[in-house]
Amino acid sequence: MLRIEDQVVRHVKTVGGDVAYSAVGAGPALLIGGWWCSHLTLNWEDPRFRAFLSRLADRFTVIRYDQPGRGMSGAAGSPLDLDGEIAVTADIIDGLGLERVAVLGASSGGAVAAGIAARMPARIHRLVLYGAFARGSDIAPASVREALVNTITAHWGLGSRLLADIFVPGADNAERERFAQFQRLSATADQAARSLSAIYDLDATEYLAAVTVPTTVLHRRNDRAVPFELGADVARRIRRATFVELHGEDHFPWRGDAAPVVDAILRGLGHPVRPRPIPPGPEAVTEREREILRLVAEGLTDTQIGERLSLSPHTVHRHVANARTKLGVRSRAAAAAAIRADRPDGAG
């Protein structure tokens, strides 16, 4: 695993000001877009984060950066809109002399990654989006968005705790408090409020429609920060994009069961990863497979289930087949019955 001393922070000039970046690993360049709340050094101190990045760094030179005015980067002259963020990323690619680069855009960085892929298709050869969304206004109702920004502005301590509840839902109280403190060290109340408002104003729909590079979109099913449906929407907006459903509720990819996330990222970047064996039995059946089997029990066909869940009939058939294998049964009816029997109350 990468060590603390393996990261060296350097700086590059961009249209948005002085940007701090780091590069670790060896191999082709992989650029990771900045998160709304990031800090090169503080993130690096988290062993889970380093473990996550270590697997990518085994195949790539992983480059990540703090956006202007955030983390270790210099102060931005003014808040940057999406086009400004894209221009900063383009300057980083030029400033580091990257002729060909893969891009991983996570969360709000997905909009920036899509924009740079649309603008520089000759230099971006693969794109992976994780936990992304097309429009920031779709993340939550206007009243919720306004209340959260106002809380951050008025009381950053309380606001950072509210964000911790969203971003690290599986953490205990001590860990949530550490994450809240991390956010306060990464940005001032004003910076955080402006950054979150800018995220809510993001609209990447035109860029997503213009992406032509091979793209994989990843999203955890129960993501608390960005609803799963928004990830599926992103995939539909990109021609020939591959959509991969992941399990878990954590928004940050290095939290929870991170191994499947890294596997999916590597596959999206063109590196085959051998599927991890899943022990047979009801516990191995995913929530999506259970959802489909409950509809099978209602008598719906693959086509009808696909229409209800916005999936292709082929995808529905594959989920049923996977569930049958895990349950060790020969028919879809038997699989549906097995899942029904596995529920404590016997409900469908």
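1. Welcome! A residue counts as buried under 20% relative accessible area, exposed over 50%, and partly exposed in between (1.4 Å probe, protein chains only). By that rule D165, at 31% relative accessibility, is partly exposed.

2. This is a predicted model, in which local features need pLDDT of at least 70, side-chain atom pairs count only at pLDDT 80 or more, and totals for chains, interfaces and linings use all residues. Residues are numbered from 1 along each chain as its sequence is written, and side-chain values use heavy atoms, with hydrogens and water left out.

3. D165 has a partner: R176 forms a salt bridge with it (a side-chain nitrogen of Lys or Arg within 4 Å of a carboxyl oxygen of Asp or Glu), and the closest N and O atoms are 2.8 Å apart. R176 is partly exposed too, at 22%.

4. Two further pairs are worth a look. R184 bridges to E177 at 3.3 Å between the closest N and O atoms; E298 bridges to R308 at 3.8 Å, and both E298 and R308 are exposed. The count of salt bridges comes to 22, and a network of them links D46, R48, E175, D250 and R255.

5. Leaving aside neighbours within four places in sequence, V62 is in contact (heavy atoms within 4.5 Å) with residues including S22, V24, I32 and L53.
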